[in-house]
Amino acid sequence: MHLARFPRIRFGHLPTPLEPMDNLSRLLGGPRIWIKRDDCTGLSTGGNKTRKLEFLMADALEKGADTVITQGATQSNHARQTVAAACKLGLDCHILLEDRTGSPDPAYNYNGNVLLDQLHGATVSKRSGGSDMAVEMEHLADRLKGEGKTTYIIPGGGSNEIGALGYVNAALEILTQANDLGLQIDHLIHATGSAGTQAGLVTGLAACNAGIPVLGIGVRAPKEKQEANVFALAQKTEAKLGLPETVAREGVVANCDYVGDGYGIPTDSMVEAVTLLARHEGILLDPVYSGKGMAGLIDLIRKGYFKKEQNVVFLHTGGSVALFGYPEVFDFSDYRAEM
């Protein structure tokens, strides 16, 4: 795969580290756990969307855009990274935030990613939960075009066949690191939502005949829908690469048992996972994606899903700044009482 055929702007601090989490491995008594630190991509505190934006923003410039539009949930990591990329390129950025949780908490609605969206200078507006966000972006684009703007719409999560190229490239990066370390990866686990990360990974790994199964831990949709979304995008991605029928349907697997009551709504297992990583590895997860993804991995280890001698890589999708939108979920009342 010759990804240099596609326009790309380097935003990320790449390659991101691939490192063992020996404390967590000992604590769980399971397989050896590794972490791929895509929280360290560097763009406005980093995250997985940076890799996608390298290709999406290059496409926007190639099409002559002066304004980008995107959407996400209130605490969207994608929105934050998109406006940061727009800042570097001198583009205007309009963000539509969908209220998917109904939370009235001011911290959730105005802190964390929302604060950084505004600090970076984005125009931010909100939409009610259940809105057709693709239609809402088209309406905004029409209005801005009437004002003389040349707009470029980026789908939620940066998840189309252009954005997915970022995780095709990440698959190559992971394989190179594993080869250099002499590391045989038995499983690759990550949180899956808008489908672009998983679609890119399965496409890149399949094209390389890597033999590494990818398991997405769902954070929003039911299993059947999530897998269908990922497979459909993988098909579009392989077509863009000129590699038809590379990804087998059975190679797209999601476990959606850890969503809880819904997208962005905290679960006890997420709180445990975030706390364990913070206190045993000094690594910060986020409450929406990586926290629920790690909760799934921890539970699967406890249930004996993996063999003890296996190497399991968890891809950290970033987003820890969203923790500041959920302060009451992590109960440190004893500390406040002592002050």
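The largest pocket has a volume of about 530 Å³. A pocket here is an open set of points on a 1 Å grid over the protein atoms alone, with protein on both sides within 12 Å along at least five of seven lines; a cavity, by contrast, is a set where a 1.4 Å probe fits but cannot get out. Grid points are joined across faces, edges and corners, and the volume is the space filled by probe spheres set on the points. Lining residues have an atom within 4 Å of a point.

The lining of this pocket counts 31 residues, and Gly193, Ser194, Ala195, Arg220 and Tyr289 are the closest to its centre. Helices (H or I, at least four residues) and strands (E, at least two) are DSSP runs, numbered from the N terminus. H9 gives the most, with four residues. By class, the lining holds eight nonpolar, 18 polar and five charged residues. Ala, Val, Leu, Ile, Met, Phe, Trp, Tyr, Cys and Pro count as nonpolar, Asp, Glu, Lys and Arg as charged, and the others, Gly among them, as polar.

This is a predicted model: local features need pLDDT of at least 70, side-chain atom pairs count only at pLDDT 80 or more, and totals for chains, interfaces and linings use all residues. Residues are numbered from 1 along each chain as its sequence is written, and side-chain values use heavy atoms, with hydrogens and water left out.

The second largest pocket holds about 280 Å³ of space. Eleven residues line the second largest pocket, and Val274, Leu284, Leu323, Phe330 and Phe332 are the closest to its centre. Helix H10 (residues 268-280) supplies the largest share, four residues. The classes here are eight nonpolar, one polar and two charged.

Axes are lines fitted to C-alpha atoms, for helices over the stretch in contact, and angles run from 0 to 180 degrees between N-to-C directions. Angles under 35 degrees count as roughly parallel, over 145 as roughly antiparallel, 65 to 115 as roughly perpendicular and the rest as oblique. Gly196, Gln198, Ala199, Val202 and Thr203 of H8 meet Val230, Leu233, Ala234, Thr237 and Glu238 of H9. Contact means heavy atoms within 4.5 Å. This contact has five nonpolar, four polar and one charged residue.

H8 also packs against helix H7 (residues 165-181), at an angle of about 55° and with the axes 7 Å apart. H7 and H8 are therefore oblique to each other. Their crossing is right-handed. From H7 come Tyr167, Val168, Ala171, Ile174 and Leu175; H8 answers with Gly196, Thr197, Gly200, Leu201, Thr203, Gly204 and Leu205. Seven of these residues are nonpolar, five are polar and none is charged.

H10 meets helix H11 (residues 290-302) at about 90°, with axes 8 Å apart. The two are therefore roughly perpendicular. Among the contact residues are Val274 and Leu277 of H10 and Met294 and Ile298 of H11.

Two backbone details remain. Ala195 has a positive phi of about 90° although it is not a glycine. Ala195 sits in the loop between E7 and H8. A cis peptide bond joins Leu14 and Pro15, with omega about 0°. Pro15 lies in the segment before strand E1 (18-20).

Note on methods:
A crossing is left-handed if the near helix is turned anticlockwise from the far one by less than a right angle, and right-handed if clockwise.
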